[in-house]
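Here are my notebook entries from a look through one structure.

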Amino acid sequence: MAEQEGIRRENGGNGGLGAAGREGNHAGNVLLGYLKSAPVGVNISGLTKSFGQNRVLKGVDLGIEPGETVVILGKSGTGKSVLLRHIIGLERPDGGSILIGGEPVEYDAPGKGEHVVAMVFQSSALFNSLTVADNVGLYLKEHKVFKDDGKVRQIVSSALEIVGLSEKEDVMPSVLSGGMKRRVATARALVMNPDLLLFDEPTAGLDPMMTRTIGDLILDLKQKVEMTQIVVTHDIDLAFYVADRIAVLSEGRIIEFGPPEQIRDCAKHAVQEFITPQFGENRR
Ligand SMILES: Nc1ncnc2c1ncn2[C@@H]1O[C@H](COP(=O)(O)OP(=O)(O)OP(=O)(O)O)[C@@H](O)[C@H]1O
Ligand SMILES: [Mg+2]
């Protein structure tokens, strides 16, 4: 699923807001100027969730500071996506609580809470009947964020530029690779101007250069916008690149939570499983 297209163009340097910023492109600045996050803290306490006999979350405790970028690591099937779906209000817990900026999550009306929470879904979850640009702009139109359609188009273009997909504005999602779809989903989440942004495997299926672009985007959102971010990933390099703190989810609980160095030095087997290179070579 690795993407072949536009890599050279997008891999022009380092240090701007995503692909657009790297090229010093004005469009990146449009979105950067537009993003005004009111970063919120997240407090998860004693969260439990079962599906039938399958006890997935057995008491998750996690406290995230406003403006912090937290990476969640964990084996496949351990409940990372389930945890994110609880935070965004799509899943109701059996027990425990989640506070976002001190407010309980609205399970009956996801998206209607006081704080804007956006999520880049693992599956991308785009509308197949809408063009890429219409997918990205849907929230702005539905919420009548701007009176002027031209402003919507400007923000949408800027967001797509940042994820390196300006040339795909008018195409349908069905013709995109999985990695491209996730980048569209990232642009769609950005234009919502979220206070809290959740990423579920944002770099799965991306080549190393585009992975770096997404990593730089997450860093920019942290450093320039001070957005609170939770990033679920299997990519250890990305985790150590962007995280203020890393949480390891295992057997339904957070078994370690701290700065990258703490995770790197942690002796627990379930933590080291993630840190140790799979093929026995030393990671740089
Ligand atoms: N809606 C659901 N109904 C029943 N079981 C579910 C549902 N959603 C998730 N599960 C189960 O919950 C467990 C955790 O799933 P989840 O998708 O959160 O894993 P994950 O950690 O995100 O894995 P991956 O790294 O592969 O994405 C799995 O056993 C899964 O089968
Ligand atoms: Mg998942």
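Predicted model: local features only at pLDDT ≥ 70, side-chain atom pairs only at ≥ 80, totals over all residues.

How do the residues of the shell around ligand 1 divide into nonpolar, polar and charged? I looked this up and found three nonpolar, eight polar and one charged.

Residues are numbered from 1 along each chain as its sequence is written, while chains are lettered from A and ligands numbered from 1 in the order in which they are written.

**Ligand 1.** I listed the residues around ligand 1 (C-beta atom, placed from the backbone, within 6 Å of it), and they include Phe51, Lys80 and Gln122. Both β2 and α4 (80–87) give two or more residues to this shell. α4 gives the most, with three residues. Helices (H or I, at least four residues) and strands (E, at least two) are DSSP runs, numbered from the N terminus.

**The sheet.** Next I traced an open sheet of four strands, in the order β2-β1-β4-β5, with antiparallel pairing. Two strands pair if DSSP finds at least two bridges between them. The edge strands, β2 (54–64) and β5 (103–104), each pair on one side only. I found two bridges joining β4 (residues 95–100) to β5, and isoleucine 100 stands opposite glutamate 103.

**After α5.** Last, I checked lysine 144, which follows α5 and has a positive phi, near 45 degrees.

Terms used: Nonpolar A, V, L, I, M, F, W, Y, C, P; charged D, E, K, R; others polar.
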